[in-house]
Amino acid sequence: WANSENENERNYAVKYDRALGDHAKVLALAQTLLMDGNSVETIKSLIDLAETVSGRKTTARHVMATTVEKLLDDLKKPDFDKETMRKLICCIESVAKHIKADGQLVKGDALLSILRPFCGNLDLPIEPRTAVLQTLEQNLDLGESEASLLTFYKSEATVSSAWTRKISPADVEGSDAQFRL
């Protein structure tokens, strides 16, 4: 990256050199790479290189999990900024591209297990929850149960802000039930 024509890549190289094998700094750089939309494979290459220097092992899944969890914590704040949402969407899209390319470093279930509690938390604002759900629907091939669960969360998030009736997963388990709702 140091000789790259891409300024971002040169900046990543400088940050890596400054990390001097410091595990926390390398992890922060790997998280930045993911939030900037770099591939999971690029992150894996970075952490593999850092492991040879520091001797500390981490995984692309760990980088993804810690990054997404940090961004979700930021989105839970009432005054979150749009940049945080953009970074989360970049993470989701990078993981989705990896999964679609039959990558084995990060699994869709790992991503979904982190995002489900956030999407289902009715105490959080509706906007970030529905944005995450729409990004998942656009980028991942979800199984029937996940798609139904996401439909439930999206319906619940949309309806709960203006409607006092509580809905259950059974209320959205098919087009007839959705129509009745």
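Asp-102 is found in the loop between α5 (82-100) and α6 (108-119), where helices are DSSP runs of H or I with at least four residues, numbered from the N terminus. The model is predicted, so that local features need pLDDT of at least 70 and side-chain atom pairs count only at pLDDT 80 or more, whereas totals for chains, interfaces and linings use all residues. Residues are numbered from 1 along each chain as its sequence is written, and side-chain values use heavy atoms, with hydrogens and water left out.

The phi angle of Asp-102 is near 60°, a positive value in a residue other than glycine. Asp-102 counts as exposed because its relative accessibility is 63%; exposed denotes over 50% relative accessible area, buried under 20%, and partly exposed the range in between (1.4 Å probe, protein chains only). Another loop residue, Thr-58, lies between α3 and α4. Thr-58 counts as buried, because its relative accessibility is 12%. Apart from neighbours within four places in sequence, Thr-58 is in contact with His-23 and Ile-47, contact meaning heavy atoms within 4.5 Å.

The largest nonpolar core holds 49 residues, of which Met-64, Val-68, Leu-111, Val-132 and Leu-136 touch the most other members. Such a core is a set of buried Ala, Val, Leu, Ile, Met, Phe, Trp, Tyr and Cys residues joined through side-chain atoms within 4.5 Å. Two or more residues are given to this core by each of α1 (7-19), α2 (23-35), α3 (40-54), α4 (60-75), α5, α6, α7 and α8 (144-160). The most, 8 residues, come from α4. Met-64 touches Leu-34, Val-95, Val-106, Ala-110, Leu-111 and Ile-114, when residues up to four places away in sequence are not counted.

Helices α4 and α6 pack at an angle of about 15°, with their axes 10 Å apart. The two helices are therefore roughly parallel, a term for angles under 35 degrees. Axes are lines fitted to C-alpha atoms over the stretch in contact, and angles run from 0 to 180 degrees between N-to-C directions. The contact involves Arg-61, Met-64, Ala-65, Val-68, Glu-69, Leu-72 and Leu-75 of α4, together with Ala-110, Leu-111, Ile-114, Leu-115 and Phe-118 of α6.

Helix α7 (residues 126-139) comprises 14 residues and reaches 20 Å from its first C-alpha to its last, close to the 20 Å expected at 1.5 Å a residue, the expected span being 1.5 Å times one less than the number of residues. Its buried residues are Pro-128, Arg-129, Thr-130, Ala-131, Val-132, Leu-133, Thr-135, Leu-136 and Asn-139.

Key:
Parallel < 35°, antiparallel > 145°, perpendicular 65-115°, else oblique.
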